[in-house]
Amino acid sequence: MKPIKIAILSLTHGHTRKYFQTLNDNPGFEWVAVSAESKKVQEIFYKYGYDVPCYMSDEEMFEKHPDIEAVVMASGNSRHLEQFRMCAERGIHILSMKIPTFDMNEYDEMIKLVEESGIICQVELEMHYNPVVNRMKKLFSENQLGVVSGINATNITLSPVWAFPWQGVPEESYGKRVPLNSNNTRFRGGALCDHPHIFDMIRWLTKSEFDYIFAEVGPNIREELEVEDIILVNGKMKNGVSFLLDPSWSRLEERLEVPGPGWEVFPKRMEVNFNISGEKGVMLADCFGPNVYHNGAPNDRYTVQYTYFDEWIGMMDEFIHCVRENNTPKINLMWHKKTIEAMNACYESIETGQPVFL
């Protein structure tokens, strides 16, 4: 299979650096270029040592490399529609970050651009390729728990805002400046915008859609942020499964120049866990459990080295086959739209103080 000539747009998303080794090592790709939005980001990229040119604008990159076939869209949420238009015009396939947009009119335009141009668009929800999640899906497909009555899931992490400032700017993360509610000085665009995975996964596991959602925010543990960092969500799926979700930035972080081991204050910087109750038993899943822990650099304390890189390998292998064989990715724009609608309903519930029915 001929390698796909691929580039990375913007380098501003927290997941960007996780693509470097995959694009460099996977024989299905020929990594040809990246674009950055600041000199500082460009300088940090060059420290990784990859022999890939880094441009200061998307336009210049596309002009210098007209043979680009696909991109990893690693920009802030507010730039996605602009870049969708650029890619659709050039017939370039897209792997989009996990929030294409919160604006449903923009979302519909993205779907139209993809359909009319014939390009492939896959949404980055790498947790689907996690080995623990694949085991969980298999047990579900075998009906090991029988009728499921409830799912409790966490997606709690440290905050990426200090390293990727756009994620703390409401206009860039949520798309506009919307107060959480009339009694709150904070705005939409924080932890919820960073954690669609468990919303998406519940849809996948239950094969159902959201019936209603109720959400509340707590006081921020990072008082300097103007977006939420603590949020709790509960509700019910249309097939009767109840859920309780915690998608917070409730892990504190060290502010390293480049995020990596030592970033965490607690031993684990991320907790994605599922507690699933069924008529035949209970399933507990720690999706990021198999890690290496050590005492040492950079802060002489208990530090974690994550060992889950294979998620990106599986996700990018699917992207290759979808592009080369013209297949629809399992996480495509149409599928993911209902996840974003549910996340918008969380914000609506926070604003009104009432459950929101979908």
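Analyst: Two strands pair if DSSP finds at least two bridges between them. Helices (H or I, at least four residues) and strands (E, at least two) are DSSP runs, numbered from the N terminus. The model is predicted: local features need pLDDT of at least 70 and side-chain atom pairs pLDDT 80 or more, whereas totals for chains, interfaces and linings use all residues. Residues are numbered from 1 along each chain as its sequence is written, and side-chain values use heavy atoms, without hydrogens or water.

User: Why is Met315 counted as buried?

Analyst: Met315 has 0% relative accessibility and therefore counts as buried (under 20% relative accessible area, with exposed over 50% and partly exposed in between; 1.4 Å probe, protein chains only). Met315 is found in helix H10 (residues 310-325). Leaving aside neighbours within four places in sequence, Met315 is in contact (heavy atoms within 4.5 Å) with Tyr19, Leu95, Gln122, Glu124, Leu125, Glu126 and Tyr129.

User: What is the order of the open sheet of seven strands, and what is its pairing called?

Analyst: The order is E12-E11-E7-E10-E9-E8-E15, and the pairing is mixed. Strand E7 (residues 148-157) is joined to strand E11 (residues 270-278) by nine bridges, running antiparallel, and to strand E10 (residues 242-246) by five bridges, running parallel. Val148 stands opposite Gly278 in E11, and Ile151 stands opposite Phe243 in E10. The edge strands, each pairing on one side only, are strand E12 (281-286) and strand E15 (356-357). Strand E8 (residues 210-217) pairs with E15 over two bridges in the antiparallel sense.

User: Why is strand E7 described as largely enclosed by the rest of the structure?

Analyst: Eight of the 10 residues of E7 are buried, so this strand is largely enclosed. Helix H6 (residues 131-141) lies across E7, E11 and E12, at about 160 degrees to E12.

User: What makes up the largest nonpolar core, and which residues have the most contacts inside it?

Analyst: A nonpolar core is a set of buried Ala, Val, Leu, Ile, Met, Phe, Trp, Tyr and Cys residues joined through side-chain atoms within 4.5 Å. The largest such set has 74 residues, and Phe274 and Ile276 have the most contacts inside it. Helix H11 (residues 333-352) gives the largest share, eight residues. A second, separate core of 28 residues includes Ile8, Leu23, Ala36 and Ile320.

User: Which strands does H11 lie across?

Analyst: H11 lies across E8, strand E9 (231-237) and E15, at about 50 degrees to E8.

Technical notes
Axes are lines fitted to C-alpha atoms, for helices over the stretch in contact, and angles run from 0 to 180 degrees between N-to-C directions.
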